[in-house]
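Please have the model open in your viewer, with the sequence panel beside it.

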Amino acid sequence: MSFMHTLKKEERDVLRVVVKKVHLCHHPEEFCTDQEADKVIAAIGPEIVERMIKFGKDHKVDQL
């Protein structure tokens, strides 16, 4: 079962930005959608996601 439904909208938005900039940066622009980012987030797992949220908030990626 996916843990994505437990994330707040703000957390999900931060994660999407981080995933698009780090994990999907070598893919074509049209591939870097929220849906594809959500697939990567779901595959990563909740432990890593917590660290990614902290990194995103510490570096204010939601304000880029």
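Predicted model: local features only at pLDDT ≥ 70, side-chain atom pairs only at ≥ 80, totals over all residues.

Residues are numbered from 1 along each chain as its sequence is written, and side-chain values use heavy atoms, with hydrogens and water left out.

Begin by selecting α1, residues 9-22; helices here are DSSP runs of H or I with at least four residues, numbered from the N terminus. This helix has 14 residues and reaches 20 Å from its first C-alpha to its last, close to the 20 Å expected at 1.5 Å a residue (the expected span being 1.5 Å times one less than the number of residues). Within α1, colour Glu 11, Val 14, Leu 15, Arg 16, Val 18 and Val 19, which are buried, meaning under 20% relative accessible area, with exposed being over 50% and partly exposed in between, for a 1.4 Å probe and protein chains only. The buried residues of α1 pack against α2 (34-44) and α3.

The axes of α1 and α3, which are lines fitted to C-alpha atoms over the stretch in contact, lie 9 Å apart at an angle of about 85°. That makes the two helices roughly perpendicular, a term for angles of 65 to 115 degrees. On the α3 side, look for Val 49, Met 52, Ile 53, Gly 56 and Lys 57, which meet α1 residues including Val 14 and Leu 15, contact being heavy atoms within 4.5 Å.

Now centre on Arg 16, which at 16% relative accessibility counts as buried. Asp 38 forms a salt bridge with Arg 16, the closest N and O atoms being 2.8 Å apart; a salt bridge is a side-chain nitrogen of Lys or Arg within 4 Å of a carboxyl oxygen of Asp or Glu. This pair links distant parts of the chain, since Asp 38 lies in α2 and Arg 16 in α1, 22 residues apart. Asp 13 also forms a salt bridge with Arg 16, at 3.9 Å between the closest N and O atoms.

At 46% relative accessibility, Lys 60 counts as partly exposed.

Definitions and conventions. Axes fitted to C-alpha atoms, helices over the stretch in contact; angles between N-to-C directions. Parallel < 35°, antiparallel > 145°, perpendicular 65-115°, else oblique.
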